[in-house]
Amino acid sequence: MKKIGKFLSMILVIGFLSISIFTPLQIDPPPLKNILEHSIIDQ
Amino acid sequence: MLKKIDFLEIEKKEDAERVVDIYISELKKRINLDSFNIEDKYINDLEKLLMEWKFYDKKVIIYELLGDLYSEIGDTNKEYTYYLKSLENHFITNRNDSYIIINKITVSCIKTEKYNEAITFSNLIIPLSKDIPKEYKAKIHYNRALSYKKLEEYKKALKEINLAESYAYETDYVEMKKFLMLKANCYIKLHRYFDALETYRQVLWILEYMNNYDEKCAIYLNMVDIYKDKDDKEKILEYVNKVVILLPNISKESYYLKYIYLELGNIYRYLKNNNLTEKYYKKALEISPKDVNIISKLLDFYYEENNYKGAFTLSEDILNSKKKEVLNENRNFNKILSLYLENDYIKEAKDLLNKKLKGEY
């Protein structure tokens, strides 16, 4: 049972490590919406 | 004032309209005073009233206000739903200012990472072009650029930014900074490093006499991307140090703060400084405890460093808390499962698998 567990965990670890290559995030500015710009609010 | 109204007694359309007017002025007040505590009953009564009566002009207003309210609260699903309801009524009333509500829906889509949908909605604005003020056109093209950038269509994004800039000559520097920053980010993705650095310098020049420390930090960290590609560790440290010095000046409310911490974690991970990696990932998580991306980064980090103690603590926290959506991402589920198997926690691994099979995760 322990051996199967170790084997399974190895597969899982290899699986996700192969995807988790270091990638920079890059910070983008936020979308533009001014909350007080109501189309009709002041009419 | 609304508490005194008996909703069952409203029989005439004029009375219903009067009640909706009261709601409108109350909602406006709440938004202006940042008072966002709102009872479900308050919304339910309003919803019932709006379903019973057909005053579309009022519905346009009230649904937009509800969208704004939920936008401020941070409930993006409700924000999106109410803006959509407002738009439906815009179409019925045939108003010529629907570009504002469409832009709000576009922003809502971007916030929930539905970038294709954001572009589809903003396409609806194009036929309305003659009614749109120039400064607003700039915003719309910028939001389209941001969506294309997130979809990794950098050339299309640059075209949209150029359009935004062409309409933005009357815009103040607040928006221009964002256009330039996004433009430089696209240049990096296209490996046009010289153009990227020039553009970042333009933004820093605008920021020189402003106290926007968060924007300065975001730019420095984006500049680090260029030096990371060149593996220039000296320059990377130089810019990271600039950021660390400015950190205490950044407001806790800043949009950028979470991303600054997360990116600092990423860079320290690249520099193989484990203590600072963990410190900054945790700081990002403090700001946004349910952020799947941050949790995944931290879990990845613990795994790669064989830090089982950290991984266990975080896994237990995920399993015991309301962050179960983190497990919907298979990679995270696999990581926790393999953690249990690796450490011979067979019963826990079985429980986890069973719950997954039952659809609990």
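Leaving aside neighbours within four places in sequence, which residues is B:Ile260 in contact with? I looked them up in this predicted model and found B:Asp214, B:Cys217, B:Ala218, B:Leu221 and B:Val243.

**Core.** I turned next to the largest nonpolar core, which holds 98 residues. B:Ile260 and B:Leu298 touch the most other members of it. Domain 1 (1-95) and domain 2 (289-361) of chain B both contribute residues, so I place the core between them.

**Confidence.** The mean pLDDT of chain B is 87, and 93% of its residues score at least 70. For the model I noted ipTM 0.73 and pTM 0.83.

**Chain B overall.** I listed 19 helices and zero strands for chain B. Its C-alpha trace spans about 70 × 60 × 35 Å along the principal axes. Of its 361 residues, 40% are buried. I also looked at contacts between residues at least 6 apart in sequence: 52% of them join residues at least 24 apart.

**Helix α12.** This helix of chain B covers residues 233-246. I compared its length with expectation: at 1.5 Å a residue, its 14 residues should span 20 Å, and the end C-alpha atoms are 20 Å apart, which agrees. Which of the residues in α12(B) are buried? I found B:Ile236, B:Tyr239, B:Val240 and B:Val243. Seen down the helix axis, the buried residues of α12(B) fall within an arc of 100°, so they line one face. An α-helix has 3.6 residues a turn, so residues three or four places apart point the same way. On the face turned away from the buried side I noted the exposed residues B:Glu234, B:Asn241 and B:Ile245. The cover over the buried residues of α12(B) includes α11 and α13 (257-270) of chain B.

**B:Ile119.** I finished with this residue, which lies in helix α6 (residues 115-123) of chain B. Is B:Ile119 buried or exposed? I count 20 other C-beta atoms within 10 Å, and the cut-off for buried is 20 or more, so B:Ile119 is buried. Not counting residues up to four places away in sequence, B:Ile119 touches B:Arg144 and B:Ser147. B:Leu146 is 27 residues from B:Ile119 in sequence, and their C-alpha atoms are 9.7 Å apart.

Definitions and conventions. Residues are numbered from 1 along each chain as its sequence is written. Chains are lettered from A and ligands numbered from 1 in the order in which they are written. This is a predicted model: local features need pLDDT of at least 70, side-chain atom pairs count only at pLDDT 80 or more; totals for chains, interfaces and linings use all residues. A nonpolar core is a set of buried Ala, Val, Leu, Ile, Met, Phe, Trp, Tyr and Cys residues joined through C-beta atoms within 7 Å. A residue is buried if 20 or more other C-beta atoms lie within 10 Å of its own, exposed if 12 or fewer, and partly exposed in between; C-beta atoms are placed from the backbone. Domain bounds come from an automatic or database domain assignment. Two residues are in contact if their C-beta atoms, placed from the backbone, lie within 7 Å. Helices (H or I, at least four residues) and strands (E, at least two) are DSSP runs, numbered from the N terminus. The expected span of a helix is 1.5 Å times one less than its number of residues. The arc is that of the directions from the helix axis to the C-beta atoms. pLDDT is the predictor's confidence in each residue, from 0 to 100.
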